Amino acid sequence: MDPARRLGPAQIGVLAQLVVATVLLGGIYALISVGLTLIFGIMRVVNFAHGEFLMLGMYLAFWAFVLFTADPYFVVLVAIPLFFVVGLVVYALVMRGVIHASHNVQIFTTVGLSTVLQNVALVAWSGDFRFVRPWHLSTVLRAGSTTFNLTQVVASVIAVTLTLALVAFMKWTHAGRVMRATAQDRDAATLMGIDTDRVYRLTFAIGIAAVGTAGVLVAPLYSVYPTAGLQFVLLSYVVVVLGGLGDMLGAMLGSLIVAGVEVAGSYLFGAAWKEIFYFILFILVLVFRPAGLFGQRGAETLGV
Amino acid sequence: MGALLRNRRGAVIFFGLAALTPVVVRDAYFLDSLVLILLWGALSAAWNVAGGYAGQVSIGHASFFGIGAYSAALMVTRFGRGPWLGLLIGVVISIGAGFIIGFLSNRLKGPYFALSTIAFSQVLLIGVSRWRGFTAGGEGIPVPFRPGFATLGLGHVGWVYMALSVALVCYAVEVYLERSRVGYQLAGVREDEDAAEALGIPTRKLKVGAVALSAALTSVCGSLWAQYVGFVDPTYVFSVDLSVRFALNAIIGGMGTALGPFLGSVLITSLETYLRATFAGVKAGFTGIYLIIYGTALILVVRFVPDGLAGIATRIRMRRAHA
Amino acid sequence: MPRFVFTLVVTVLAVMLGGELATVRGQATSGEYRIGVLEPITGPLAFEGKRHMEGLEIVRDLINERGGVMGKKLVFSVADATDPTAAASEANRLITRESVKIITGTFSSRLCGAASEVAARHDVIYWESSCVDPRFNKRGLKHVYRTEIDATGFGWYNVEFIAKHLAPRLNLKPNQIKIAFLSEDSSYGQGVTESARQRAKTEFGMQEVMVEYYNWQTLNDMTPTILKMKQLNPDVVHHISFSNDGVLFWRQAKEQSFLFKALVHAGATGYGSADFGKALGNDANGVFALLEPGPGFRLESLRPEGQAIEKAFRDAVQKRTGTYPFGAHQLAGSGLWLLKLVLDKAQSDDPEKFRAAVMSLDLPVGSMINGWGVKFSEQGQNANDRVQHYMLQWQNGQLVTVWPEEFSTLRAKWIPLGAWDQRK
């Protein structure tokens, strides 16, 4: 069942396609995880409802498509501010009260939020699978025998752009510096006069805007249904942990690694085992390098 | 004995009512609901041993539940032996798994630990789903009902007392943890691990022990559940939803208390069965509402009523005492 | 505040408990006959449960227009089977509170196993209309029946189609066919795939080049699997899927220019559901799915009584949903219709009399909805060859009936599938 051992042109073609698959899949994972690592990194809160915001983004793309025949790429422009506001609202209603509470409280708050969102979607829109079919869905770019799905390429490019933009934001703007300071030492930041509440609000809103946008971009590739978040949420945690909390470039690399493990695992051992591989990788990283493959040792206990 | 009963008034009322119910009520559905309340309560109490008393909040306890359920089911269907043997084997395996999770708890804190427990339960889920040759894979295992105690083929009344026994055992373990030296040490670990360590308390061993004990109790409940419901399906018994549910009851009822998990179970299980029964016929979509209610309840309780129902009861009692 | 919350909680509990203790609905509201309906209305399988309910309600109304059952109006007590625990608990409720003597449902194997056990313990008849677990009828439970074929039946029909219809049109002998098996890994996918593999190998000697399972809920990319399959070069791909993965595979197979001669699926999910056509439009052309009859089905091929009820059923579904019946409608609806036939014969819901009536029914193919016949085995399973199944094919946005040829006006096209853009 394994491909022949010789490395002829056919084998190279397969390898090239696998690499492309990894990069494109990694791009999608990065897009989804960037928001999570920001929230996790700066607020030190595990957002178990992350997948549900992704799902809401997918539904936004669907309804915009069905009601207004709006192409998802246009919807993105609406999604960013819309989900930013959603993030502000959710923060004010739910998250603010538990920021200073214990981990258990935070965990179960977001778990509860996840349940609520999933079922609101189920009650409002039923469990039927929906599809977004813009004209460019089946467009593929070809280079030799290797194919690139256009929608995935766009999603990956946007993921990279978004990540770089956020990195730049964090590094060079005042707001970004303030956020990083709060992440490093919440108490010191407060003593320095930083309004940590505003910082967290901004962080959460940006994170939700990122994942909501990801949902819009990803919607044409998969079906839209209330538990769609489950497809991605667990692996985005793996990505975030691999890359190191709050490290967005790390998240991108982590995405590539997870995608690579999935693609290689599927190809060599069969699709049945791919999740086991990255879960085991996850547990190993948690045990041996919890700061992530690229993070500083010991960083995981800071503020946690 | 008198003092014990007086101090544990709530427990006496709860378990006493549970024990008396089958004498008074013959309605099978009511008894079935009671069995579920007791069983979910026991599961939450088992979770509480690790989560509430040792402070190791896991969202992966379904791992142990599934191990127990599969052990019992496989022992009956594959090896032709009784479920009790399966229960014992499940306990042994779960203790092993508990050691692994306990080891993880020594390396990881808070949300990291929770995430690792989720990963563990998912690895088990996938592994069991694929291992068709042994576990019948995704198709699950139907567990036959054969009347008799050895085969756990009990009638409704029998199941009430069976569930009650397990619930009492879990409750007793919790009480032991509240009143014994080991329990005080565990509380120290929970509140401030570094300080406890400084005092010479063997924090690592205690944590691992607590998790293993919690695992064993959860496994027992899982084995019983398999015989009660009669079908073991990997995507259900290892699911994250189930793990959350164990924690949910304990949190709503009061995480650090012995009776809390049972109070939580009474409220949640009753709410669930009631809403499901009432809304099933109405427009199909509305049945999702009780899950929305859960989620909202979880968010609200965890923030505003962190002591849970038991905490409320205590506060009322204290207020009355001071009035 | 604490006191308020406490009082609130206690009041809520009291109301619920009071409600629970008080309501025991008896059977004997005059002129009405009540059966229990157990379907997944919430939870991960809700999308199918909803369709089942529609089918059941439609046929219930058809039944009541024709005099009801045993001279009384047929009425439902509906219960939601979210998961196995709920299924068992709700079955209990239906039996003890709603006093039903017959329960029908339940779509998924994980639900029907638990629920039927409960029914058996109370001597209540369990009338299953669609779960496919082959072990369902092998537990020695006397009053548990299944109107639809089980997974082995699906696999049987699929391989029948491949060997008897596809192979000749591909100019291949069955034992020359290279077949790849791909499937989602729930009990449904595993059951059908394994039985298909069995028959393909043992009876026809087909060459199995690959067998792979995956979890449909976490599958994000099928490219690696497709690349592997390209190299193995199968003639036929046997893929059992749900909606998300079916669309993903087909779309990515096109992207990777993966060519093969035919794709065969079974059941009303994935390739067999309307979602597939909605997602891919004409790109869906060519895919085969084993189902109940679709457009193109020749009413005339049925017997007169079959024609009458099939037409009435189709019209009623069209009126209510605006579409041709879906698989879920057809399974649930025909199960209920068959129940009516049995009750008319038995004129009683006493388990023994019921069983006698069930066993005595012997109707040829073409006698009822879906063109089914009836003949139950001793284990309570409706026979494979009576429960006629049909191969449908996606043609220009519709799933149409193409096989067996005597039942349809339409014919299977694109055998072999040919280039992706040539399938018009």
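A salt bridge here is a side-chain nitrogen of Lys or Arg within 4 Å of a carboxyl oxygen of Asp or Glu. Going by that rule, the interface of chain A and chain C in this predicted model has one salt bridge. The pair in question is Lys50(C) and Asp128(A), whose side chains come together with N and O 3.4 Å apart. Sorted by class, the side of chain A that touches chain C comes out at 23 nonpolar, 13 polar and six charged residues.

As for the overall extent of this interface, 42 residues of chain A are in contact with 37 residues of chain C. The area buried between chain A and chain C is about 3300 Å², and carbon and sulfur atoms account for 53% of it. Polar contacts turn up as well: 18 residue pairs across the interface of chain A and chain C, with both residues at pLDDT 80 or more.

Chain C also meets chain B. There, 47 residues of chain C are in contact with 51 residues of chain B, and about 4300 Å² is buried between the two chains, 62% of it on carbon and sulfur atoms. The search gives four salt bridges across the interface of chain C and chain B. One of them links Glu194(C) to Arg132(B), with the closest N and O atoms 3.7 Å apart. Another 13 residue pairs are listed as polar contacts across the interface of chain C and chain B, again with both residues at pLDDT 80 or more. The side of chain C that touches chain B draws two or more residues from each of helix 1 (2-22), strand 2, helix 3, helix 4, helix 6 (187-204) and strand 7 (207-214) of chain C. Helix 1 of chain C gives the largest share, ten residues. By class, this side of chain C has 18 nonpolar, 14 polar and 15 charged residues.

Turning to the inside of chain C, five strands line up as an open sheet in the order 2-1-3-4-5, with parallel pairing. Strand 2 (73-80) and strand 5 (144-146) of chain C are the edge strands, each pairing on one side only. From one strand to the next, the twist averages 25 degrees. Strand 4 (residues 125-128) and strand 5 of chain C run parallel and are joined by three bridges; Tyr126(C), for instance, has Val144(C) in strand 5 of chain C as its bridge partner. Helix 3 (residues 84-96) of chain C touches strand 1 (32-39), strand 2 and strand 3 (102-105) of chain C, and its direction makes about 145 degrees with that of strand 2 of chain C. Helix 4 (residues 109-121) of chain C touches strand 1, strand 4 and strand 5 of chain C, at about 155 degrees to the direction of strand 4 of chain C. Helix 3 and helix 4 of chain C are also among the elements on the side that touches chain B.

A second open sheet in chain C has seven strands in the order 7-6-8-9-10-13-14, and here the pairing is mixed. Its edges are strand 7 and strand 14 (398-403) of chain C, each of which pairs on one side only. The twist from one strand to the next averages 25 degrees. Strand 6 (residues 178-184) and strand 7 of chain C run parallel, with seven bridges between them, and Ile179(C) finds its bridge partner in strand 7 of chain C at Glu208(C). Helix 6 of chain C lies across strand 6, strand 7, strand 8 (236-240) and strand 9 (262-266) of chain C, running at about 165 degrees to strand 6 of chain C. Helix 8 (residues 243-255) of chain C packs on the sheet too, touching strand 6, strand 7, strand 8 and strand 9 of chain C, and its direction makes about 155 degrees with that of strand 8 of chain C. Both helix 6 and strand 7 of chain C also give residues to the side that touches chain B.

Over all chains, the search of the whole structure comes up with 38 salt bridges. One salt bridge within chain C pairs the side chains of Lys164(C) and Glu160(C), at 3.1 Å from N to O. Both residues sit in helix 5 (residues 151-169) of chain C, four residues apart, which is about one turn of the helix.

Conventions:
Residues numbered from 1 in each chain as written. Chains lettered and ligands numbered in written order. Predicted model: local features only at pLDDT ≥ 70, side-chain atom pairs only at ≥ 80, totals over all residues. Heavy atoms only, no water. Contact = heavy atoms within 4.5 Å. Buried area = accessible area lost by both parts, 1.4 Å probe. Polar contact = N/O pair within 3.5 Å; in protein donor to acceptor, adjacent residues only side chain to side chain. Nonpolar A, V, L, I, M, F, W, Y, C, P; charged D, E, K, R; others polar. Pairing = 2+ DSSP bridges. Axes fitted to C-alpha atoms, helices over the stretch in contact; angles between N-to-C directions.
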